[in-house]
Amino acid sequence: MAGGPLTGYLASFEPAMRQAIAEAKAAGADVPVGAVVLDNGGSIIGRGRNQREAAADPTAHAEIVAMREAGVSRRNWRLDDCTLVVTLEPCTMCAGALLAARVPRLIYGTDDPQAGAAGSVWDVLHDPRLGPPVEVRSGLLASECAAMLRGFFGERR
């Protein structure tokens, strides 16, 4: 997705990714990852940012926080007509939660070459033993998403 303007299907998720990026930027001392859950009409029903440090909770990844909020918003754990938009490819825990919540679509910004579970290291979301496959689209605003992470980790080295 480097260069040129976004077009087509993936471009329709750019506003949601911009919201996820805003969440990531608000992560404070946590790794800057942000996520939003969209209902079938495209409205945001859940927002999340990494909060492991802030909450002293190893499960407080952006995706989990956003899906929890979406479930509360809907009063239902099934998010079977929703889309998760996240700045970084989900890890195995988050991919498993996506499957458990029955989220049918994932849009993410940049790959996670160390822990990605949506195709780069593992492909949890397409393992037929775990349920129906999830539609996965990657690369939306990837450069911007990756730059946030590089900046964060560069400051810590």
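Analyst: Phe13 is buried, at 9% relative accessible area (buried is under 20%, exposed over 50%, partly exposed in between, with a 1.4 Å probe and protein chains only). This is a predicted model, in which local features need pLDDT of at least 70 and side-chain atom pairs pLDDT 80 or more, while totals for chains, interfaces and linings use all residues. Numbering starts from 1 along each chain as its sequence is written, and side-chain values use heavy atoms, without hydrogens or water.

Tyr9 is partly exposed, because its relative accessibility is 34%. The structure holds two aromatic pairs (Phe, Tyr or six-membered Trp rings with centres within 6.5 Å; planes under 30 degrees apart are stacked, over 60 edge-to-face, the rest tilted). Phe152 is buried at 10% relative accessibility. Phe153 is partly exposed, with a value of 33%.

Next, the open space. The largest pocket has a volume of about 420 Å³. It is lined by 20 residues, and those closest to its centre are Val31, Val33, Leu88, Asp112 and Leu149 (a pocket is an open set of points on a 1 Å grid where a 1.4 Å probe fits, with protein on both sides within 12 Å along at least five of seven lines; lining residues have an atom within 4 Å of a point). Helix H6, residues 142–156, gives the most to this lining, with three residues (helices are DSSP runs of at least four residues, strands of at least two). The lining holds eleven nonpolar, four polar and five charged residues.

Now the strands. Strand E3 spans residues 83–88, and six of its six residues are buried. On one side, E3 pairs with something antiparallel; which strand is it? Strand E1, residues 34–38, pairs with E3 in the antiparallel sense over four bridges (pairing needs at least two DSSP bridges). Leu38 has Thr83 in E3 as its bridge partner. E3 also runs parallel to strand E4, residues 105–110, and five bridges join them. Leu84 bridges to Leu106 in E4. From E3, the chain crosses through helix H5, residues 92–100, to E4, a right-handed β-α-β crossover.

How values were computed. Grid points are joined across faces, edges and corners, and a volume is the space filled by probe spheres set on the points. Ala, Val, Leu, Ile, Met, Phe, Trp, Tyr, Cys and Pro count as nonpolar, Asp, Glu, Lys and Arg as charged, and the others, Gly among them, as polar. A crossover is right-handed if, with the strands pointing away from the viewer, the path from the first strand over the helix to the second runs clockwise.
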